[in-house]
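Opened the notebook for a quick look at one chain.

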Amino acid sequence: MHVQEWLDTVPPAAVYALVALVIGLESLGIPLPGEIVLVSAALMSSQHSGINPVVLGLCATAGAVVGDSIGYAIGRKGGRPMLAWLGKKFPKHFSEGHVATAERSFQKWGMWAVFFGRFVALLRIFAGPLAGVLQMPYWKFLTANVLGGICWAGGTTAVIYYVGVVAEGWLKKFSYLGLVAAVAIGLASMLIVKRKAKKAQQARQEPEPVTAGD
């Protein structure tokens, strides 16, 4: 069975629901691969006549906005003790260093941190809860949240959809083995980029050496 034949068996409603759910939970503060799910679904929409990219983008946006709003409410009510609890449950994502970095971004950029945070994996998880903890006015948070969600979800869906349409003839020739290889290459590339970005961030955070004259 070719990939195209398999895609045609996937119910569009299930794709919409999965995208909205995963992105919503990630935006709420749970570390999940929301961006990978959205990219995969957008690629599917370019090969699956039943999946409407506009509806997909709307579902992704709704999941992002609702999830962030719930995260904001939880953060506003739970305060810093909630961040400490998250640090124990998810030390890789909610370590004291990550929380401090995100907090500095919010204090410096305010609404822009919420808007552009939608495009950064770490800030995408932090945005809602941390904005609530820092008592950001909800109207400011909601404005940046909605605009960021539309640009991120809609932009990602549109770009990946049109890339998939252009590559449709090539993708139709894929077997399951080819699909697995493509996914593996994509994930490997993403991990390499993330590792380099992490090393660069660590290098920037290293304290400068103190000279004898200081």
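Predicted model: local features only at pLDDT ≥ 70, side-chain atom pairs only at ≥ 80, totals over all residues.

**Entry 1: a spot on α4**

I started with Ala 73, which I found in helix α4 (residues 53–89); helices here are DSSP runs of H or I with at least four residues, strands are runs of E with at least two, and both are numbered from the N terminus. Ala 73 counts as partly exposed because its relative accessibility is 45%; buried means under 20% relative accessible area, exposed over 50% and partly exposed in between, with a 1.4 Å probe and protein chains only. I then checked a distance: Ala 73 and Ala 131 are 58 residues apart in sequence, and their C-alpha atoms are 9.1 Å apart in space.

**Entry 2: ground rules**

Residues are numbered from 1 along each chain as its sequence is written, and side-chain values use heavy atoms, with hydrogens and water left out.

**Entry 3: the whole chain**

I get ten helices and zero strands for the protein chain. Buried residues account for 36% of its 214 residues. The chain exposes about 12,400 Å², and carbon and sulfur atoms supply 70% of that; the areas come from the Shrake-Rupley method with a 1.4 Å probe, and for residues only the protein chains shown count as cover. Of the contacts between residues at least 6 apart in sequence, 81% join residues at least 24 apart, where contact means heavy atoms within 4.5 Å.

**Entry 4: α2 against α3**

How are α2 and α3 (residues 34–47) packed? I read an angle of about 160°, with the axes 9 Å apart; axes are lines fitted to C-alpha atoms, for helices over the stretch in contact, and angles run from 0 to 180 degrees between N-to-C directions. The two helices are therefore roughly antiparallel to each other, since angles under 35 degrees count as roughly parallel, over 145 as roughly antiparallel, 65 to 115 as roughly perpendicular and the rest as oblique. On the α2 side I listed Val 15, Val 19, Val 22, Ile 23 and Glu 26, which meet Gly 34, Glu 35, Val 37, Leu 38, Ala 41 and Met 44 in α3. By class that contact has eight nonpolar, one polar and two charged residues; Ala, Val, Leu, Ile, Met, Phe, Trp, Tyr, Cys and Pro count as nonpolar, Asp, Glu, Lys and Arg as charged, and the others, Gly among them, as polar.

**Entry 5: α2 against α7**

Next I took α2 (residues 12–28) with α7 (residues 121–133): the angle is about 60° and the axes are 6 Å apart. That makes α2 oblique to α7. Glu 26, Ser 27 and Leu 28 of α2 make the contact with Arg 124, Ile 125 and Pro 129 of α7. The class count is three nonpolar, one polar and two charged residues.

**Entry 6: Glu 26 and two others**

Is Glu 26 buried or exposed? Glu 26 is buried, with a relative accessible area of 3%. Leaving out residues up to four places away in sequence, Glu 26 touches Leu 32, Gly 34, Glu 35, Arg 124 and Ile 125. Glu 26 and Arg 124 are 98 residues apart along the chain, with their C-alpha atoms separated by 7.5 Å.

I also looked up Leu 123 in helix α7, which counts as buried at 16% relative accessibility.
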